[in-house]
Amino acid sequence: MVNMTLAIPKEVHEKMKAHKEIKWTEVAREAIQKKLTILETEKDPLRLYAYKRWAEEGEDAHELFKF
């Protein structure tokens, strides 16, 4: 695995520190993977629509768009 450095606003960092139970690197990793999935599906309008709806409606909508 490769390491990456990320800059965030101080206010965001302060809020993150209040939730030490969260693995923030995993949150970032999942967000990056989700964005890459969306970018990779942009050539397929149906999949793009599905992932946009998923992002709008939350993770529960993922079940609606299984391919």
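**Entry 1: layout.** I followed the chain from the N terminus and read its elements as α-α-α. I counted 3 helices and 0 strands. I noted that this is a predicted model.

**Entry 2: surface totals.** I looked up burial next. Of the 67 residues in the chain, 13% count as buried. The chain exposes about 6,200 Å². Carbon and sulfur atoms supply 58% of that area.

**Entry 3: the span of α3.** I checked helix α3, residues 45-57. How far apart should its ends be, at 1.5 Å a residue? The 13 residues should span 18 Å. I found the end C-alpha atoms 18 Å apart, which agrees.

Entry 4: Which residues of α3 are buried? I listed Leu48, Ala50, Tyr51 and Trp54. They cover an arc of only 160° around the axis, which puts them on the same side of α3. I recalled a general rule here. An α-helix has 3.6 residues a turn, so residues three or four places apart point the same way. I then asked what the buried residues of α3 pack against. The partner is α2, residues 24-40. On the face turned away from the buried side of α3, I found the exposed residues Pro45, Leu46 and Glu56.

**Entry 5: a nonpolar patch.** I turned to the surface again. Met4, Ile32, Leu36 and Leu39 form a nonpolar patch there. Together they have about 380 Å² of accessible area. I placed Met4 in the segment before α1, which covers residues 10-17. Is Met4 buried or exposed? Its relative accessibility is 63%. The cut-off for exposed is over 50%, so Met4 counts as exposed.

Note on methods
Residues are numbered from 1 along each chain as its sequence is written. This is a predicted model: local features need pLDDT of at least 70, side-chain atom pairs count only at pLDDT 80 or more; totals for chains, interfaces and linings use all residues. Side-chain values use heavy atoms; hydrogens and water are left out. Helices (H or I, at least four residues) and strands (E, at least two) are DSSP runs, numbered from the N terminus. The expected span of a helix is 1.5 Å times one less than its number of residues. Buried means under 20% relative accessible area, exposed over 50%, partly exposed in between (1.4 Å probe, protein chains only). The arc is that of the directions from the helix axis to the C-beta atoms. Contact means heavy atoms within 4.5 Å. Accessible areas come from the Shrake-Rupley method with a 1.4 Å probe; for residues, only the protein chains shown count as cover. Patches are made of residues with over 30% relative accessible area and no salt bridge: like charges are joined within 9 Å, nonpolar side chains (Val, Leu, Ile, Met, Phe, Trp, Tyr) within 5 Å. A salt bridge is a side-chain nitrogen of Lys or Arg within 4 Å of a carboxyl oxygen of Asp or Glu.
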